[in-house]
Amino acid sequence: MDTSRSPLEPSGFSRKLAATIIIVYMVVTLIPITWIVATSFKSVDSAISYPPEVFFEPSLEGYVNLFTNRSRQPKEYLDSLPPPETWYEELVRSREMVITGPSKFIGRYSNSLIIGFGATFLSVFLGALAAYAFSRFKVPLKDDLMFFILSTRMFPPIAVAVPIFIMYRKLGLGDTHLGMIILYTVVNLSLAVWLLKGFMDEIPKEYEEAAMIDGYSRMQAFFKVVLPQAMTGIAATAIFCMIFSWNEYAFAVLLTQFNAQTAPPFIPTIIGEGGLDWPAIGAGTTLFLIPVMIFTVVLRKHLLRGITFGAVRK
Amino acid sequence: MKSAVKNFKGLSDKAIAWIFITPTLILLLAINIYPLIYAIRMSFTNFYANKIGREPKFVGLKNYQKILGDEEIWEKMQITAHFVCWTLLLQALIGLGLALLLNRKFKGNELLTTLIVLPMMLSPAVVGVFWTYLYNPQVGLFNYVVNFFYDFGVFDMIGSSTLAPWSIVIVDTWMWTPFTMLICLAGLRSIPNYLYEAAEVDRASKWQQFIHITLPSVLPFLLLALLFRGIENFKMFDLVVELTSGGPGSATELASINLKREAFEKWKTGYSSAFAVILFVTIFGFGNVYVKVMNKIKER
């Protein structure tokens, strides 16, 4: 046995081997994502060529198709039109089509943003209050209440979807932004309470006690001392709630149709002529995935905590 | 100390505790528990949610009898079990393997971890959509790569009833292996160095160290990861709906997808509520037993 190094340090060779395998896995696992992003910059023809084209002439056709509705026109009609004014009109004309108006994508995307931000704000705010109470005070049946809050996450969404559907229809909340914000808030609450309780447990009690000795009331101490101290945890929790609302599909597809539908149920329905319009779907997917990827990089230190409801901390 | 704090100005601690907790509890009761109780009540009736005005009739346990005696439902449960078992097995093995490799601290470790984790942060429905493109028998990249290594000719991962159950296993494993990996990695990093140092002193081989130190320390973490994945995959809906929509025929019709068809296409509210209750009880029961076993292993 080589005694010059600590027995715990893996040897240079085994470390290199491990790094190589990990890099190979990383490359393979990122191919599907890279591929869909690449497809968004292909032309419709290039996206359905075989063998799949790795090198291709980039085109913005997918993005143009994503944001517009188009209709095919006879050549005589196209010739009779004034020349196209913009580059995207020209692109559409070259496919013998004209733009008939904007598509629904922007509406669906902003629905995702409105509902996501609304639900995130509410669940983090309510979650922070509840988490503080659970963290600092003697609450009767504390463990049972905490478990009850967690268990609401175990329901299959479909199981409660029908009653919620009926309830929302009666209350006039069906297919509204407010209805979806309330629903996503509730789904996120369990995560928010559990994560934030963990973060608040880590803030020493002495901080607020000192503030209270200085004349703060308990409420003031909470808002002016504890909340600022918990800011990192609150931000991490907020991003997790945002990602959930952003990605949610089951409730969105079952409970919304026209007014409050978010992007995930919409993207699969982007259809071109003679089948799915892959560059446009790729473009929608890319625009939809970018925020989540940025969030993931921002979150990397808290990922583990978030995905385990705070059960595992680094 | 406690009594000293009590006499400060403002509301009493007890009042604040309830003011802070009540909104959360009310929301959960209104949007989670009320619907659940409603579903349980409906499960004893022949209610159809699309027929407004028709009084639902109490039918006792008929819905439950029908479901538990229905061979088709058992088929769906088998399809679900196939999906859950294979995804858990693959994600446990690959995830633990990756964690062991990542634990040999090399340069760029953190960056690689973040990149590998990306798939699991994406929207499952959107992932399902773009995998239908990768699986396309004529132009799909997946099919091209497979044929590059061994020429199978034209094959359809989603359209063939023998391959479709595996197509969903592959995508779920691709997406969620980082989850087990991350949690196992946390387990590995929690093992104190002195355990290995002591083992070296005792001249234990690397293999013995792995079996007697590494594995037992990581096991509770791995089991926790599998609990989360097990629950999620048992109620799996979004990914598979967009990938195969339960087909071909009903080859990949998992329990949740079947439930959606009964509840939102046939509008058999009473019947589907009973099925929902059965699913919920199954998840809850399995979960409880699993947690008990997990705690026993932890205590050892």
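## Chain A as a whole

Select chain A: its radius of gyration is 26 Å, whereas a compact globule of 314 residues would have one near 20 Å. The radius is taken over C-alpha atoms, and the globule rule is 2.2 Å times the number of residues to the power 0.38. This is a predicted model, in which local features need pLDDT of at least 70 and side-chain atom pairs count only at pLDDT 80 or more, while totals for chains, interfaces and linings use all residues. Residues are numbered from 1 along each chain as its sequence is written, and chains are lettered from A and ligands numbered from 1 in the order in which they are written.

Along the principal axes, the C-alpha atoms of chain A fill a box of roughly 85 × 75 × 40 Å. Colour by secondary structure to see 16 helices and 4 strands in chain A. These elements are DSSP runs numbered from the N terminus, with helices (H or I) of at least four residues and strands (E) of at least two.

Of the 314 residues in chain A, 42% are buried. Buried here means that 20 or more other C-beta atoms lie within 10 Å of the residue's own; 12 or fewer make it exposed, anything in between partly exposed, and the C-beta atoms are placed from the backbone. Among contacts in chain A between residues at least 6 apart in sequence, 76% join residues at least 24 apart. A contact requires C-beta atoms, placed from the backbone, within 7 Å.

Select residues 231-247 of chain A, which form helix α12. Its 17 residues reach 24 Å from first C-alpha to last, close to the 24 Å expected at 1.5 Å a residue; the expected span is 1.5 Å times one less than the number of residues.

Next, select residues 278-299 of chain A, helix α15. With 22 residues, α15(A) reaches 31 Å from its first C-alpha to its last, close to the expected 32 Å. Centre on L289(A), where a kink of about 30° lies shortly before the proline P291(A). The bend is the angle between axes fitted to the seven residues ending at a position and the seven starting there. The buried residues of α15(A) include W278(A), F288(A), L289(A) and L299(A).

## A loop and a buried alanine

Move to L141(A), in the loop between α6 (105-136) and α7 (142-151) of chain A. L141(A) has a positive phi of about 60° although it is not a glycine. Most residues other than glycine have a negative phi. L141(A) counts as exposed because it has 9 C-beta neighbours inside 10 Å.

Then pick A133(A), found in helix α6 of chain A. It has 26 other C-beta atoms within 10 Å, so A133(A) is buried. Which residues does A133(A) touch, not counting those up to four places away in sequence? They are V139(A), A17(B), F20(B) and I21(B).

## Across to chain B

Show both sides of the contact: it takes 81 residues from chain A and 79 residues from chain B. Helix α1 (residues 12-39) of chain A gives the most to the chain A side, with 15 residues. That side divides into 66 nonpolar, 10 polar and 5 charged residues. Ala, Val, Leu, Ile, Met, Phe, Trp, Tyr, Cys and Pro count as nonpolar, Asp, Glu, Lys and Arg as charged, and the others, Gly among them, as polar.

## Chain B

Chain B has 13 helices and 0 strands. The radius of gyration of chain B is 25 Å, well over the 19 Å that the globule rule gives for 300 residues, so chain B is more spread out than a compact globule. Buried residues make up 41% of its 300 residues.

Colour chain B by domain, using domain 1 (1-42) and domain 2 (61-299); the bounds come from an automatic or database domain assignment. The centres of these two domains, taken over C-alpha atoms, are 35 Å apart.

In domain 1 of chain B, select L29(B), which lies in helix α2 (residues 13-42). L29(B) counts as partly exposed, with 15 C-beta neighbours inside 10 Å. A distance label from L29(B) to R229(B) gives 26 Å between C-alpha atoms, for residues 200 apart along the chain.

The last stop is W267(B), in the loop between α12 (255-264) and α13 (269-299) of chain B. W267(B) has a positive phi of about 55° although it is not a glycine. W267(B) is partly exposed, with 15 other C-beta atoms within 10 Å.

Conventions
Two residues are in contact if their C-beta atoms, placed from the backbone, lie within 7 Å.
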